[in-house]
Amino acid sequence: MEALLQQIAALKADIEKTAEEGADALEAYRLKYLSAKGLVKSIFGEMKSVPADKKKEFGQILNEFKQIAENKYAAWKEKLEENPGMGAASTVDLTLPGDAIPLGTRHPINHFLDHVISIYQRLGFSVAEGPEIEDDWHNFTALNLPEHHPARDMQDTFYIQRNPDWLLRTHTSNTQTRAMETQSLPIRIICPGRVYRNETVSARSHCFFHQIEGLYVDENVSFADLKQTLYFFVQEMYGKNIKIRFRPSFFPFTEPSAEMDVQCQICHGEGCAVCKRTGWLEILGCGMIHPKVLENCGIDSNKYTGFAFGMGIERPAMLKYGINDIRLFSENDVRFLRQFTSNT
Ligand code: PHE
């Protein structure tokens, strides 16, 4: 009798401790306690060995035990119906291999920019960055493009409505203005970044794109230095045998100004559709910084000279990777982006 009572107490504690998990655990519980061969039934079977004078008392204990077992079952079942995922964590097979986490790739524009930057860094240029929302002074006026200057038409500009003095920079030259105003000489920087122009979006042009510009200001900087710097760059970029040519051009912030062409890498100078049958591709604008620009930035133009150059990133990147639509760069289509692994 005493042993039986102890057994019932232990089973009650067990029932209390049983964790309420998923449907399988519930069924196992039912089989263990409540089925035809379960513990409740078998303990009821012990009634016959209980002395007659204790049967009443013992019957109550047994009924209470049975009630506890059944209540637990009913409450558990109800919870499981409300929340069928109950206890699912415990059914996870920890020995299964994990899911692979998809790895991104570098965006082709960044990839190309990094390559360009690394070439100029070897020549002692350091990277400078400037704001994309710029004021009129740093984007235009300081660069010798006063208000109403016809050269401003070259770049249709997005102005910020809240303040007509603010605009989205049309070139990364704003970073050069800021560097010349604030840094001590000599300055040797490259300025990569995104620029904006109010152009109709098509396969060949976009209302935003990327540029990288270079600037070198010191005593005795000459056009020969500019040519040699750019020649080093294209040789590193396209190979030692690359041919280049300079054509006179006009930019209000440089004098003299030039555009640099590289021999077309598709037809090697023979003439093809990409180079419009000329054998040459224009890749950048450059020139000696206009003395007025130096003065606007507080630099003595009698003592110092400098050169600047600027190139777009999208066009040469399209050539390098054989991309025929500029819009692909900004559409974030992973089928396009994942084609550029880190070693392309
Ligand atoms: N800022 C010019 C452009 O956006 C490029 C340039 C930079 C030309 C520096 C000359 C010198 O087209």
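In which strand is Pro256 found? Pro256 is found in β7, residues 254-263; point 5 returns to this proline.

1. A word on the ground rules. This is a predicted model, in which local features need pLDDT of at least 70 and side-chain atom pairs count only at pLDDT 80 or more, while totals for chains, interfaces and linings use all residues. Residues are numbered from 1 along each chain as its sequence is written, and side-chain values use heavy atoms, with hydrogens and water left out.

2. Overall layout. The chain is divided into domain 1 (2-82) and domain 2 (108-337), with bounds from an automatic or database domain assignment. Taken over C-alpha atoms, the centres of domain 1 and domain 2 are 83 Å apart. The C-alpha trace spans about 125 × 45 × 35 Å along its principal axes. The radius of gyration is 39 Å, whereas a compact globule of 344 residues would have one near 20 Å; the radius is taken over C-alpha atoms, and the globule rule is 2.2 Å times the number of residues to the power 0.38.

3. Secondary structure and burial. The chain holds 11 helices and 9 strands. These are DSSP runs numbered from the N terminus, with helices being H or I over at least four residues and strands being E over at least two. Of the 344 residues, 40% count as buried, meaning under 20% relative accessible area; exposed is over 50%, and partly exposed lies in between (1.4 Å probe, protein chains only).

4. The ligand site, which I expect you will want to see. The ligand has 14 residues around it, and His171, Ser173, Arg197, Gln211 and Glu213 come nearest; a residue counts as near if one of its heavy atoms lies within 4 Å. Polar contacts here are pairs of N or O atoms within 3.5 Å; within protein, one must be able to donate a hydrogen and the other to accept it, and residues adjacent in sequence count only if both atoms are side-chain atoms. A polar side-chain atom of Arg197 sits 2.9 Å from a ligand oxygen. On the nitrogen side, a polar side-chain atom of His171 is 3.1 Å from a nitrogen atom of the ligand, and a side-chain N or O atom of Ser173 lies 3.2 Å from a ligand nitrogen. On its own the ligand has 320 Å² of accessible area, and the protein covers 91% of that (Shrake-Rupley method, 1.4 Å probe). Strands β5 (208-218), β8 (280-289) and β9 (305-312) each supply at least two shell residues, and the largest share, 3 residues, comes from β9.

5. Two cis peptide bonds. One joins Glu255 and Pro256, with omega about -5°, and Pro256 is in strand β7. Another runs from Leu185 to Pro186, with omega near -5°. Pro186 is in the loop between α7 (173-182) and β4 (187-196).

6. Positive phi outside glycine. Asn220 has phi near 60° and lies in the loop between β5 and α8 (223-238). Asn220 counts as exposed because its relative accessibility is 68%. Lys276, also not a glycine, has a positive phi of about 50° and is found in the loop between β7 and β8. With a relative accessible area of 64%, Lys276 is exposed.
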